[in-house]
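Student: Please take me through this model one question at a time, and tell me the cut-offs as we go.

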Amino acid sequence: MQQAGIGRGFVGGFIGALILAFIMLVMQGTGMGAPMFVGAYEATLGSAGGPVATWIMGAVLFAISGGLWGALYGVFVRESSTTKGMIFGFLPALWLWLVVAPFILDKPIFFGFQPPKLLLPLVFNVVIWGGFLGWYCQGSDLAAPSFR
């Protein structure tokens with residue numbers, strides 16, 4: 001098998017991020033607060049248009065970001081697998097802890113080591129997003145990937 005490729009990686013990462021956005025929408029609906037991508041959007045671009053528009057625009061940019069991370073995966077990872085996708089998922093988690101938290105959200109690195117702020121990125125970026133990305137990129141063509 002060959003490299004997953006930029007396009008397949010982008011699509012896998014984009015869809016994986018949409019899956020996460022849906023999960024975060026459900027979590028917000030149960031009272032767990034707005035997703036971090038909403039806070040990041042508000043911190044960088046403001047909240048003009050109201051909370052729904054801010055949520056939607058934040059989710060779109062979050063999905064594009066997931067796609068860009070996926071494209072990077074598609075360039076560098078050969079013979080994709082769910083496990084390789086999960087390992088790669090540590091990179092966006094580190095990006096969140098080391099760049100987004102201090103420079104965009106004005107929080108301490110690793111969010112001050114608060115357990116929920118450490119655990120959720122691991123579950124979301126590594127298990128869900130990374131696992132999906134690795135699975136999606138397994139196929140060498142545009143046919144549906146198989147479970148191996």
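**Pocket and packing**

Student: What volume does the largest pocket have?

Tutor: A pocket is an open set of 1 Å grid points where a 1.4 Å probe fits, with protein on both sides within 12 Å along at least five of seven lines. Its volume is the space filled by probe spheres set on the points. For the largest pocket, that gives about 1000 Å³.

Student: How should I read the numbering and the confidence limits?

Tutor: This is a predicted model, where local features need pLDDT of at least 70 and side-chain atom pairs pLDDT 80 or more, while totals for chains, interfaces and linings use all residues. Residues are numbered from 1 along each chain, and side-chain values use heavy atoms, without hydrogens or water.

Student: Which residues of the lining lie nearest the centre of the largest pocket?

Tutor: Lining residues have an atom within 4 Å of a point, and there are 39 of them here. They divide into 28 nonpolar, nine polar and two charged (Asp, Glu, Lys and Arg are charged; Gly is among the polar). Nearest the centre are M36, F37, F62, L96 and V100.

Student: Which helices each supply at least two residues of that lining?

Tutor: Helices are DSSP runs of H or I, at least four residues long. The contributors are helix 1 (6-29), helix 2 (36-45), helix 3 (50-76), helix 5 (90-104) and helix 6 (115-136).

Student: At what angle do helix 1 and helix 6 pack, and what is that arrangement called?

Tutor: Their axes are 9 Å apart and the angle is about 140°. Under 35 degrees is roughly parallel, over 145 roughly antiparallel, 65 to 115 roughly perpendicular, and the rest oblique. The contact has 15 nonpolar, five polar and one charged residues. The angle of about 140° therefore makes helix 1 oblique to helix 6.

Student: What about helix 5 with helix 6: how are they arranged?

Tutor: The axes of helix 5 and helix 6 are 8 Å apart, at an angle of about 150°. This pair is therefore roughly antiparallel.

Student: And how are helix 3 and helix 6 arranged?

Tutor: Their axes come within 11 Å and cross at roughly 50°. Helix 3 and helix 6 are therefore oblique.

Student: How do the rings of F10 and F14 pair?

Tutor: Rings pair if their centres lie within 6.5 Å; planes under 30 degrees apart are stacked, over 60 edge-to-face, the rest tilted. That rule gives 11 aromatic pairs. F10 and F14 are four residues apart in helix 1, so about one helical turn separates them. With centres 5.9 Å apart and planes at 25°, their rings are stacked.

Definitions and conventions: Axes fitted to C-alpha atoms, helices over the stretch in contact; angles between N-to-C directions. Phe/Tyr/Trp six-rings, centres within 6.5 Å; stacked < 30°, edge-to-face > 60°.
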